[in-house]
Amino acid sequence: MKTTKEQFEELVKEKGKQAYFRDCFDPGHFTGSCLVVSERLEFVILMHHKKQKIWTHFGGHCDGQTPYQTAVRELHEESGIRDIKVINKVFDLVIQNISPYQGEPAHKHFDTRYLAFYDINKKLPKSPENIEYHWFSINEALIINKTKSMIQILTKVIKLKNESI
């Protein structure tokens, strides 16, 4: 069985630049996302995803950009938060199965995830896209989103917090 990283590398090898566009369905395409965490790694910002009807982190399709550029763009577009630095180091990789939707076939999202740190005491701006988003404790986040993907990234945040103590 191939590792997640090997599957990402295989997608680039097989599809090249096409893998960075949302119309690459076989097997899928790259996405980029960002999990915003408090400076002490105790809280995360999650947004309510209207289509999926779940609380999750910011992210979207690459549409020709790199996953890092996508993570930054989506964070800004979806939250309105501008005074934030997204760490340009891969924090997590995940492959998500996407069900058929509005004429698109089932496919996979090869998601590269990044971290950004934000001061929990700063007022959160209104979302330009009218997306609801809030701070949640790590435990609350694990309760409201029990997907394997969310558990994976939050477990890595917990591990990072424990390593920094």
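A residue counts as buried when its relative accessible area is under 20%.

**Figure 1. Overall fold of the predicted model.** By that cut-off, 42% of the 165 residues of the protein are buried. The protein contains four helices and eight strands. Read from the N terminus, these elements follow the order α-β-β-β-β-α-β-β-β-β-α-α. The radius of gyration is 16 Å, close to the 15 Å given by the globule rule for 165 residues, so the protein is as compact as a globular protein of that length. Taken along the principal axes, the box filled by the C-alpha atoms is roughly 45 × 35 × 25 Å. Among contacts with a separation of 6 or more, 66% join residues 24 or more positions apart.

**Figure 2. The largest nonpolar core.** This core has 18 residues. Those with the most contacts inside it are Cys34, Val36, Ile45, Phe58, Leu75, Ile84 and Val86. Two or more core residues come from each of strand S1 (28-38), strand S2 (43-49), helix H2 (67-79), strand S7 (107-118) and strand S8 (133-137). Helix H2 gives the largest share, four residues.

**Figure 3. Trp55 and its contacts.** Trp55 belongs to strand S3, which spans residues 54-56. The relative accessible area of Trp55 is 16%; this is under 20%, so Trp55 is buried. Neighbours within four places in sequence aside, Trp55 is in contact with Leu46, Met47 and His48, and also with Glu132, Tyr133, His134 and Phe136. Ile144, Asn145 and Met150 are in contact with Trp55 as well. Ala141 is 86 residues from Trp55 along the chain, yet their C-alpha atoms are separated by 8.1 Å.

**Figure 4. Surface and charges of the protein.** The protein exposes about 9,400 Å², and carbon and sulfur atoms supply 53% of this area. There are 24 positive and 21 negative charges. The mean position of the positive charges and that of the negative charges are 1 Å apart.

Notes. Residues are numbered from 1 along each chain as its sequence is written. This is a predicted model: local features need pLDDT of at least 70, side-chain atom pairs count only at pLDDT 80 or more; totals for chains, interfaces and linings use all residues. Side-chain values use heavy atoms; hydrogens and water are left out. A nonpolar core is a set of buried Ala, Val, Leu, Ile, Met, Phe, Trp, Tyr and Cys residues joined through side-chain atoms within 4.5 Å. Buried means under 20% relative accessible area, exposed over 50%, partly exposed in between (1.4 Å probe, protein chains only). The radius of gyration is taken over C-alpha atoms; the globule rule is 2.2 Å times the number of residues to the power 0.38. Contact means heavy atoms within 4.5 Å. Accessible areas come from the Shrake-Rupley method with a 1.4 Å probe; for residues, only the protein chains shown count as cover. Lys and Arg count as positive and Asp and Glu as negative; His and the chain ends are not counted. The place of a charge is taken as NZ of Lys, CZ of Arg, CG of Asp or CD of Glu.
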